[in-house]
Amino acid sequence: MKFLNFIDEIIARVETVLVIILLSLMVIVGFVQVLLRNLFQTGLLWADPLLRHAVLWIAFIGASIATYEDRHINIDILTRLLSPKLKRLVSILTNAFALVVCIILFKASVDFIKMEFEYPTEVFRGVKNWMLEIIIPIGFGLMSLRFLFRILKIIFIKNIL
Amino acid sequence: MPNLVLIILFVLFALFRTPLFAVISAIAILSFLSIQTDLSAVIIEMVRLANTSTLIAIPLFTFAGYILAESNTPKRLINLTQALLGWLPGGLAIVVLVSCAIFTAFTGASGITIVAIGGLVFPALIKGNYTEKFSLGLVTTSGSLGLLFPPSLPLILYGLVAQVDIDKLFIAGIIPGILLVLILSIYSVAKNYKIRTQIQKFSFSNLWRATLDAIWEIPLPFIIIGGIYSGIFTVIEASAITAVYVLIVEFFIYKDLSIKKDLFKIMKESMVLVGAILIILASALGLTSYLIDEQVPMKIFDFIQKYISSKYIFLFLLNLFLLIVGMLMDIFSAIIVVVPIITPIALKFGVDPVHLGIIFLTNLEIGYLTPPVGLNLFISSFRFEKPIIKIYSATLPFILMLFIALLLITYIPDISLFLLKLKAS
């Protein structure tokens, strides 16, 4: 269990650093773009695709951190009524559900990236489409891992819920 | 046609706290399998997250909102509205309504307002001789007030999902937003007129001091609304300007927050919320494209039309439906899931898409407060350590007031569309 937590935490740190870099980049590039357009009537051609893909990356990394911290948006009305024992069981089932979905999406996105890899197009400045889209399988892979970890934790640690 | 039993099972999972994105994805996967489509189609739809420029505004505005929530802005905002309106009978209640509305516009409606502003003003209300019941109802209701004012996140999200011009929504929301604040203010004054509530005397020196205090924050709404209204910059540009402006003001001018201690934490926290919202949007994109391809909204329309032909009855039923949705789901998922299905139907009934957006958000705003499961009720019960039943009864009269506003907004389209028409002419 300790080892699991250790890996989980390391991944979370890397994700946090990445998300901070991406957001900083968005703030800076977005603002420079505003200045260029309004003061000099010009702009950076690569700024818009860069910003758009930063959103994609933030979406998937943010979602992975949300999985780590158990902060996904959900409807929490019926679980309030359950006894602690039943709550554990339901929690294992729902996390298993999410795990299966994420594995299917992981597989689908790997297939998708393979396709994109065979027919690459340049998005901006030598960056190919698949390099930007690779975050999708990475994101679903990490989320699958996290849902699996959570199930293990609920089974093996007593007072987690 | 995907297996209906499985879909019902999936929805049941959703009710037991399964992450919504997983449930929506599962239904999307099932749908695509039922028409023998390769699952990479789901992923192709998800990539659309990276092809929509307007989405850029979401992380930037959310980041700015989180900075404002963590700094001393709530305090300065309350002081300023207090100096401005505190002399009115029931003034403090109006102060709460106005400052909450402005604050929610910037932070999105995620319960932050109740914690940040409600926590500050609740003791002041009690001290000012307002009853506990009234005060609880007021702070709970104010928690989602202001959703209709730019640059609120739900407005942007609605525009994105319904493919309506966000600039237009920003303008359309202003008068209905003011109407909500006004109706609640009138109720508050009427309710507390006889009770001797503490009233602060109006003083220019006080107002001057509060204005000077907040001098760097006061321009912000005017920059955003003015800039977009006059066409100087787009919503995306406004979001970049807001993020940089707020960052500089709170970290370097007021020095409320420190780069070392707070900045990275705020960045991460805000992006977790963005990730949680966008992953739902990503999974819904696949499901939506399936529903549109299969012409599901049109089939629902044909079905409804057999029983209802009047636009007004349709709008009434829509209100009921949305209130229930707003009770069950948070506002972001509600918009992402429901809007793509409802919009085409409403268009067929001749409802203006901008007007529809305002109806939508007003309903969801009330849904936040509707017992038994409205989210604000729980946040309030948790924050003020009061039993949930007490919160229910305290909020009820406020909900009734909001219903009146909702009916006005629904049946008088010009409340939403007047400013747009004015701008066009």
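User: Hi! How much of chain B is buried?
Analyst: Hello! In this predicted model, buried residues account for 61% of the 425 residues in chain B.

User: And what is chain B built from, helices or strands?
Analyst: Helices. Chain B has 22 helices and zero strands. Its radius of gyration is 22 Å, close to the 22 Å from the globule rule for 425 residues, so chain B is as compact as a globular protein of that length.

User: Nice. What does chain B span along its principal axes?
Analyst: The C-alpha trace of chain B spans about 70 × 50 × 50 Å along those axes.

User: Which share of its contacts joins residues at least 24 apart?
Analyst: For chain B that share is 79%, counted among contacts between residues at least 6 apart in sequence.

User: OK, over to chain A. How many helices and strands there?
Analyst: Chain A has five helices and two strands. Starting at the N terminus, the order is α-α-α-β-β-α-α.

User: What radius of gyration does chain A have?
Analyst: Chain A has 20 Å, whereas a compact globule of 161 residues would have a radius of gyration near 15 Å. Along the principal axes, the C-alpha atoms of chain A fill a box of roughly 65 × 35 × 30 Å.

User: And how many of its residues count as buried?
Analyst: For chain A, 47% of the 161 residues count as buried. The accessible surface of chain A is about 8,400 Å², with 70% belonging to carbon and sulfur atoms.

User: What's that surface like for chain B?
Analyst: Chain B has an accessible surface of about 16,900 Å², and carbon and sulfur atoms hold 69% of that area.

User: Let's talk charges. How many positive and negative side chains does chain B have?
Analyst: Chain B has 26 positive and 21 negative side chains, with the centres of the two sets 12 Å apart. In chain A there are 17 positive and 12 negative charges, and their mean positions are 9 Å apart.

User: How many salt bridges are there over all chains?
Analyst: A search of the whole structure finds 20. One of the salt bridges pairs A:Arg71 with B:Glu269, where the closest N and O atoms are 3.2 Å apart. That pair crosses between chains: A:Arg71 sits in the loop between α2 (47-68) and α3 (84-118) of chain A, and B:Glu269 in helix α15 (residues 259-293) of chain B.

User: How accessible is A:Arg71?
Analyst: A:Arg71 is partly exposed, at 33% relative accessible area. B:Glu269 is partly exposed too, at 21%.

User: I'm looking at B:Arg76 now. What does it meet in a salt bridge?
Analyst: B:Glu217 is one partner, at 2.8 Å from N to O. B:Arg76 lies in helix α5 (residues 73-85) and B:Glu217 in the loop between α12 (204-213) and α13 (219-229), so this pair ties together parts of chain B that are 141 residues apart in sequence. B:Asp256 also forms a salt bridge with B:Arg76, again at 2.8 Å, N to O. Here B:Arg76 in helix α5 is linked to B:Asp256 in the loop between α14 (235-253) and α15 of chain B, 180 residues apart.

User: Is B:Arg76 buried or exposed?
Analyst: B:Arg76 is buried, because its relative accessible area of 10% falls under 20%. B:Glu217 is buried as well, while B:Asp256 counts as partly exposed at 22%.

User: Last one: which residues of chain A are linked in a network of salt bridges?
Analyst: A:Asp8, A:Glu15, A:Arg146 and A:Lys153 are linked that way.

Methods: Residues numbered from 1 in each chain as written. Chains lettered and ligands numbered in written order. Predicted model: local features only at pLDDT ≥ 70, side-chain atom pairs only at ≥ 80, totals over all residues. Heavy atoms only, no water. Helix = DSSP H or I, 4+ residues; strand = E, 2+ residues; numbered from the N terminus. Rg over C-alpha atoms; globule rule 2.2 N^0.38 Å. Buried < 20%, exposed > 50% of the residue type's maximum accessible area, 1.4 Å probe, protein only. Contact = heavy atoms within 4.5 Å. Areas by Shrake-Rupley, 256 points an atom, 1.4 Å probe, with all protein chains shown as cover. Lys, Arg positive; Asp, Glu negative; His and termini not counted. Charge placed at Lys NZ, Arg CZ, Asp CG, Glu CD. Salt bridge = Lys/Arg side-chain N within 4 Å of Asp/Glu carboxyl O.
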